[in-house]
Amino acid sequence: MTKEVLIQCRDMAEEVKDIQRRIEKIKEELHRIDIVSDSVKGTRLDGTYGSIKITGYPMPRWKRKTGALNKNKELLEEKEIELLELMAQAEEYIESIPNSEFRTMFRLYYMDGLTWVQVAHKMNELFGKRRMKFTEDGCRMRNKRFFEEN
């Protein structure tokens with residue numbers, strides 16, 4: 001397993017979030033589709049001639065939105081399954097690393113999706129008794145060196 005799988009795991013998590021955002025946007029748009037009304041001249045059921053009010057949903061738009069919603073839900077299910085498989089592989093790889101600090105750092109960055117600044121802060125919380133504090137650049141460079149050496 002290489003760094004690419006860890007990066008893929010992080011990227012796929014963002015992709016899943018994007019699909020979830022799109023689904024929510026479509027749901028909001030569906031809720032905003034109002035009932036439309038129109039009046040036409042014609043013969044009513046009682047046989048009189050005059051204006052008839054017609055109300056309903058704009059079906060072509062409604063069908064397009066519900067179709068897009070269903071496609072995105074299916075895509076989300078597929079991507080979530082793929083993400084779970086990738087996360088299992090990534091977690092297995094991270095567990096094989098002998099150094100506890102590296103394991104923690106990689107979990108925070110690749111699995112939890114934190115930025116290097118957030119990783120440094122979290123590492124300082126977790127390993128507070130360390131003589132030298134973790135920094136954003138320090139974490140990024142340790143990550144880079146680890147993959148160059150391995």
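Modeller: Helices (H or I, at least four residues) and strands (E, at least two) are DSSP runs, numbered from the N terminus. Here the order of the elements, from the N terminus on, is α-β-β-α-α-α-α. This is a predicted model, in which local features need pLDDT of at least 70 and side-chain atom pairs count only at pLDDT 80 or more, while totals for chains, interfaces and linings use all residues. Residues are numbered from 1 along each chain as its sequence is written, and side-chain values use heavy atoms, with hydrogens and water left out.

Colleague: How many helices and strands does the protein chain have?

Modeller: The protein chain has 5 helices and 2 strands.

Colleague: Why is the protein chain described as more spread out than a compact globule?

Modeller: The radius of gyration is taken over C-alpha atoms, and the globule rule is 2.2 Å times the number of residues to the power 0.38. For 150 residues the rule gives 15 Å, whereas the protein chain has a radius of gyration of 27 Å, well over that value, so the chain is more spread out than a compact globule. Along the principal axes, its C-alpha atoms fill a box of roughly 90 × 30 × 20 Å.

Colleague: How is a pair of aromatic rings described?

Modeller: One gives the distance of the centres and the angle of the planes. Rings of Phe, Tyr and Trp (its six-membered ring) pair if their centres lie within 6.5 Å; planes under 30 degrees apart count as stacked, over 60 as edge-to-face and the rest as tilted. The structure holds 9 aromatic pairs. One of them, F102 with F146, is tilted, at 5.1 Å centre to centre and 35° between the planes. F102 lies in helix α3 (residues 100-111) and F146 in helix α5 (residues 136-149), so this pair ties together parts 44 residues apart in sequence.

Colleague: Are F102 and F146 buried or exposed?

Modeller: Buried means under 20% relative accessible area, exposed over 50%, and partly exposed in between (1.4 Å probe, protein chains only). F102 counts as buried because its relative accessibility is 14%, and F146 is buried at 10%.

Colleague: Which type of pair do F106 and F147 form?

Modeller: F106 and F147 are stacked, with 5.4 Å centre to centre and 15° between the planes. This pair also links helix α3, which holds F106, to helix α5, which holds F147, across 41 residues. Ring pairs join F102, F106, Y109, Y110, W116, F146 and F147 into a cluster.
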